[in-house]
Amino acid sequence: MQKGQIQRSDEEKREEGVAADDMAPKNHQGLIFLAVIVAFLALCVAPLTAELPSSRPRRKTAALKMDEAALYVINEVESEMLLSIMSDHCFQCFPQPVGRIPAGPGPGVPATLGFTVSTQHALILQLNSTPVNTELCRMHFHFGEHGNYSLWVKNLNDLSQVNCTMVTDSEPISSYLPILLAFLVFASLYVLAAIWNSVKGLDAVRNLLLRLGSTMEAERLINSELGSPSRVVESSAESIIPATAGRRLRSLDTFRGLALVVMVFVNYGGGRYWFFRHESWNGLTVADLVFPWFVFIMGTSISLSVNGALCRGAMRSHLLRKVCWRSLQLFLIGVFIINPNYCLGPLSWDSLRIPGVLQRLAFTYLVVAVLDVLVARVHQDSSLTDVWWYPAHDIFLNWPAWICVITMETLWLCLTFTLPVPGCPTGYLGPGGIGDFGQYPDCTGGAAGYIDRWLLGENHIYQTPSSRVVYQTTVPFDPEGVLGSINSVLMAFLGLQAGKVLLHYREQHRQIITRFLVWSFLLGIVSAVLTKCSRNQGYIPVNKNLWSLSYVTTLSCFAFVVLLVVYYIVDVKRWWSGAPFFYPGMNSILVYVGHEVFEDYFPFRWRMANSQSHSEHLAQNLLATSIWVLISYVLYRKKIFWKI
């Protein structure tokens with residue numbers, strides 16, 4: 001919430017798919033350019049959606065920024081009062097003072113003072129008399145962006161009773177309209193693509209396309225005989241798309257690509273909408289979903305790739321060296337390429353952030369891949385079908401790895417709830433700042449924050465955590481810190497278990513779907529118990545900053561459901577080729593590193609005409625994300641894949 005004074009005056013100004021195999025036929029190629037077209041259309045409609053006309057007269061006021069509204073407190077009471085405001089998302093917080101409203105100069109002559117308030121979440125407004133500090137009224141209200149509101153404070157018949165009434169002077173703009181328009185454009189283009197695919201299925205159209213294709217193929221052969229310098233690419237890419245029973249599971253790359261595309265969109269700003277940003281502390285937004293899903297599908301891929309390598313006769317020692325080398329590369333790329341902002345100057349060792357997304361992936365990959373290389377069985381003993389535990393043999397055959405992961409999780413629980421933290425209560429999971437009624441302002445993250453500050457130093461962790469927005473924290477805290485890495489291992493290991501299900505029940509679709517549903521149900525039950533089905537009242541709330549145990553179980557529950565749906569649609573029924581998410585999923589490291597490195601360069605970012613417009617930010621972020629989807633598609637067509 002931003003605080004500022006706005007003085008009322010009559011002189012103030014007015015506010016301002018083509019797939020490569022049989023599962024992805026060529027008729028899906030047009031879907032790849034869907035996101036790019038949508039982004040350009042969003043650029044065209046952005047100025048039209050910046051503000052909706054209103055039939056009500058507008059109060060003249062200073063220009064407002066994004067997610068702000070103008071509030072005027074009109075005091076008809078003959079005493080000074082204090083206005084305090086608190087966000088609805090601030091758990092166990094006291095309303096924070098924002099300004100004093102003077103008493104009316106005389107009977108019938110009110111005093112007026114203006115404020116700028118946040119519109120992201122509902123607010124609690126409280127008026128107290130001064131100097132007695134008696135609460136006069138308390139109100140829960142959700143302001144609309146760029147709206148003008150008046151809070152009338154007056155005495156009724158009884159002078160000892162104060163009445164507070166909120167009046168909307170001018171209607172807010174519809175800041176969510178650009179999202180609706182983008183969705184409608186996506187849906188329309190998808191319908192058009194479906195109609196085109198149906199038309200292409202007609203005999204006459206098919207014969208025409210075949211004749212045209214034959215003509216182009218003949219021309220290509222003539223050019224080849226004449227020594228054309230253009231590179232000839234094989235028409236089939238079967239060699240790069242293996243899977244279970246000889247074919248690669250497209251659903252895994254599709255799921256990975258879906259998480260990656262949303263991650264890129266969120267990292268680029270997500271149109272500056274609050275639900276495309278990370279939650280300030282407890283709870284979930286769209287931005288909090290994608291990284292854990294990426295970790296989950298990484299674990300699934302580890303299971304399949306290690307099994308494939310062992311089946312091909314690879315030595316476990318060789319695989320261990322390869323895992324360690326890859327983990328080291330990921331860690332170094334994260335520390336020295338992703339974290340520093342070289343546009344601000346050369347690398348500074350004094351303030352270099354050590355944790356990060358790729359660093360978290362490197363540690364998680366190292367632990368989970370080493371466990372699977374050491375424990376994985378290449379061939380299944382047929383005699384196991386008679387044992388009582390065979391229905392859960394995909395778990396019991398991996399029992400040494402389960403013991404290791406459970407031991408690590410026990411360590412996380414012990415450190416989180418028993419480690420003494422100076423000046424903080426033992427087992428504290430709160431945000432610090434003004435949370436918990438301001439009792440522990442420097443205890444952000446409890447043991448997790450303390451370990452990072454002690455082990456890495458305050459200058460080498462994230463300086464602007466999301467908790468500062470609502471809870472006004474001042475202590476550095478890293479959401480990719482040391483302690484949370486233990487739970488990311490659990491997340492990837494649950495993904496590894498999904499891979500074991502795919503391996504042990506190969507081509508048994510009903511068995512795979514049933515086990516995914518069972519895993520999702522069990523993890524959902526665990527989450528419900530840990531959180532008591534609430535945001536803040538549970539034993540271990542869902543918290544992305546801490547990567548809490550309930551956060552992992554909740555997101556794993558969702559991940560099993562999403563993977564089940566994508567697997568059924570893409571690999572079982574083949575209703576969808578996975579485009580366009582399949583293509584960035586095949587080049588995930590390149591897309592992630594590229595979008596971080598080139599984030600501030602054109603065409604991914606440019607100076608906007610109105611930087612306080614959600615529609616312009618949304619258009620820019622959609623275009624930037626779409627370009628990376630297009631780049632991944634081109635690389636896929638060229639058979640270029642960056643593997644480390």
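Is Arg605 buried, partly exposed or exposed, and what is its relative accessibility?

Modeller: The model is a predicted one. Arg605 has a relative accessibility of 24%, so it counts as partly exposed, since buried requires a value under 20%. Its salt-bridge partner is Asp600, and the closest N and O atoms of this pair are 3.1 Å apart. Asp600 is likewise assigned to the partly exposed class, because its relative accessibility is 42%.

In the whole structure, nine salt bridges are found. One of them joins Asp478 to Arg353, with 2.7 Å between the closest N and O atoms. The two residues come from distant parts of the chain, 125 residues apart: Asp478 belongs to the loop between helix H11 (467–471) and helix H12 (482–504), and Arg353 to the loop between helix H6 (316–338) and helix H7 (357–375). Asp478 counts as buried because its relative accessibility is 2%. Arg353 is buried too, at a relative accessible area of 18%.

A further salt bridge is formed by the side chains of Glu480 and Lys544, at 3.2 Å from N to O. Glu480 is in the loop between H11 and H12, whereas Lys544 is in the loop between helix H13 (509–531) and helix H14 (549–572), so this pair ties together parts separated by 64 residues in sequence. Both of these residues are buried. Through salt bridges that share partners, Arg353, Asp478, Glu480 and Lys544 are joined into one network.

Two other sites complete the account. Thr254, in helix H4 (residues 250–267), counts as buried because its relative accessibility is 1%. Leaving aside residues up to four places away in sequence, Thr254 touches Val566, Trp576, Ser577, Gly578, Phe581 and Phe582.

On the H16 side the contact is made by Leu590, Val591, Gly594 and His595, and on the H17 side by Trp628, Ser632 and Leu635. By class, the residues of the contact between H16 and H17 comprise four nonpolar, three polar and no charged.

Conventions:
Residues are numbered from 1 along each chain as its sequence is written. This is a predicted model: local features need pLDDT of at least 70, side-chain atom pairs count only at pLDDT 80 or more; totals for chains, interfaces and linings use all residues. Side-chain values use heavy atoms; hydrogens and water are left out. A salt bridge is a side-chain nitrogen of Lys or Arg within 4 Å of a carboxyl oxygen of Asp or Glu. Helices (H or I, at least four residues) and strands (E, at least two) are DSSP runs, numbered from the N terminus. Buried means under 20% relative accessible area, exposed over 50%, partly exposed in between (1.4 Å probe, protein chains only). Contact means heavy atoms within 4.5 Å. Ala, Val, Leu, Ile, Met, Phe, Trp, Tyr, Cys and Pro count as nonpolar, Asp, Glu, Lys and Arg as charged, and the others, Gly among them, as polar.
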